[in-house]
Amino acid sequence: MRNFTYCVPTEIVFGKDTEVSCGREVKKHGGTKALIVYGGGSARRSGLLERIEKSLEEEGIAYAEFGGVKPNPGLAFAEEGVEKGIREKVDFIMGVGGGSAIDTAKAIAHGVANPGIPLWDIWMKKVPLTRTTKVGVVLTIPAAGSETSDSAVLTNEVIGKKSGLGTELNRPAFAIMNPELTFTLPKYQIGCGIADIMMHTLERYFIPDQENRMTDEIAEGLLRTVIDSGRKALQNPADYDAMSELMWCGSLSHNNLTGLGRAKDFSVHKLGHALSARFDCVHGATLTAVWGSWAEYVWTNDVNRFVHYAKQVWGIEGSGEETAREGIEKTVSYFKSIGMPVSLGE
Ligand code: NZQ
Ligand code: ZN
């Protein structure tokens, strides 16, 4: 096991109707005026934004709003949000939605705390990030894991580059996770989310150093849970239990728990980000489009690891190359079954 530090300070508020505690949470974490950052309108249509506004009002928290974040969020839009946040003198940022809204909220939080410093300089680590504004989250899609992750991803449209910023300052102060909020998701987005959750663990699982049994057991249990719950959620997007499992797995998959004590690879994510930057494809779909090819390319480097994966995650009996390949095939078929592309052509 490699040395590691593990600290996920995000307070999780999980379950039905939990969004009504939003105002209380902001207050508890010291906010007096919040900027609510959200996407293209799903949170408005579902009535969620209204409930959040009401809960802030009940606690005497002032707020301003910044809606319109697009999937694969852009740098220029986040910079507009920074300007608004500074103009409105907010001291708290609320991200409402999925990875795109939450990552934009994180970016705005950094910009508001560091006025005058271009966001991209922070992103490229030209300027070290030493302070930020507190962020709270109301999650509406189990996928990116941004609600507890140390990462945020933006696309710089001018140079055509999509890039993540990893820093402990990216961990939100709290994350409200009500699985019922996901019931309005289109099936394609559910599929993309399942793929992304699996990939955050797979990218930590297939690496050279593996002397770490507990981390393996957590990763394999998480993958089995996501595979099974994902099927159920796609059959019935209003299945509370299945969505609960997906939501919790989404957070655990990307807050570093499933990779403790070992290196991180993330080659597939890097390929996916290049595809999204060029073609604006949905993140989860870029990952499944390349994973099978990636696996075909690397599996002979460590056949035993792929055999172990096939047994533990897919319950395939046997040993040797055939079993390793069967594990890869099962994974690719699963991606197909949840409506994801498994080649660049698709
Ligand atoms: O914008 P709205 O109208 O809200 O619609 C969104 C969007 O079109 C919709 N949606 C979300 N919740 C919904 C809903 N529609 C109906 N009902 C709901 N309850 O879903 C669409 C996708 O939303 P988005 O936020 O883009 O999804 P996701 O959570 O998959 O986030 C993707 C972004 O996160 C980044 C990705 O690269 C991508 O930019 N990632 C962030 C990570 C991180 N910060 O740790 C790690 C990931 O690897 C990933 O890179
Ligand atoms: Zn991802």
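In this predicted model, the side chains of Lys54 and Glu58 form a salt bridge, with 3.3 Å from N to O. Both residues belong to helix H3 and stand four residues apart, about one turn of the helix. Lys54 is exposed, and Glu58 is exposed as well.

**Salt bridges**

- The whole structure holds 15 salt bridges according to a search.
- Side chains of opposite charge can pair when their charged atoms come close.
- One of the salt bridges joins Glu59 to Lys27, and their closest N and O atoms are 3.5 Å apart.
- Glu59 sits in the loop between helix H3 (48-58) and E3, while Lys27 sits in helix H1 (residues 22-28), so this pair ties together parts that are 32 residues apart in sequence.
- Glu59 counts as partly exposed because its relative accessibility is 24%.
- Lys27 also counts as partly exposed, at 46% relative accessibility.
- Glu53 and Arg44 meet through their side chains in a salt bridge of 3.3 Å, N to O.
- Within this pair, Glu53 counts as buried at 11% relative accessibility, whereas Arg44 is partly exposed with a relative accessible area of 35%.
- A network of salt bridges links Glu11, Glu25 and Lys28.

- Helix H7 (residues 187-205) contains His200 and helix H10 (residues 267-279) contains His269, so the pair ties together parts that are 69 residues apart in sequence.
- Both His200 and His269 are buried.

**The six-stranded sheet**

- Six strands form an open sheet in the order E1-E8-E5-E4-E2-E3, and their pairing is parallel.
- E1 and strand E3 (62-66) are the edge strands, each pairing on one side only.
- From one strand to the next, the twist averages 20°.
- Strand E2 (residues 33-38) pairs with E3 in the parallel sense over five bridges.
- Ile36 has Glu65 of E3 as its bridge partner.

- Strand E6 (residues 151-156) has six of its six residues buried, so the strand is largely enclosed by the rest of the structure.
- Ser151, Val153 and Thr155 point one way from E6, Ala152, Leu154 and Asn156 point the other way, and all are buried.
- E6 and strand E7 (residues 161-166) run antiparallel and are joined by six bridges.
- Opposite Ala152 stands Leu165 in E7.
- Four residues lie between the strands of this hairpin, in which Gly160 takes a positive phi near 65°.

**Surface patch and a loop residue**

- Met1, Phe4 and Tyr6 make a nonpolar surface patch of about 330 Å².
- Phe4 belongs to the segment before strand E1 (11-14).
- Phe4 counts as partly exposed because its relative accessibility is 42%.
- Lys264 is found in the loop between helix H9 (240-254) and H10.
- Lys264 is partly exposed, its relative accessible area being 45%.
- The C-alpha atom of Lys264 is separated by 37 Å from that of Val20, a residue 244 residues apart from Lys264 along the chain.

Conventions: Residues numbered from 1 in each chain as written. Chains lettered and ligands numbered in written order. Predicted model: local features only at pLDDT ≥ 70, side-chain atom pairs only at ≥ 80, totals over all residues. Heavy atoms only, no water. Helix = DSSP H or I, 4+ residues; strand = E, 2+ residues; numbered from the N terminus. Buried < 20%, exposed > 50% of the residue type's maximum accessible area, 1.4 Å probe, protein only. Patch = residues over 30% accessible without salt bridge, like charges linked within 9 Å, V, L, I, M, F, W, Y side chains within 5 Å. Areas by Shrake-Rupley, 256 points an atom, 1.4 Å probe, with all protein chains shown as cover. Salt bridge = Lys/Arg side-chain N within 4 Å of Asp/Glu carboxyl O. Pairing = 2+ DSSP bridges. Axes fitted to C-alpha atoms, helices over the stretch in contact; angles between N-to-C directions.
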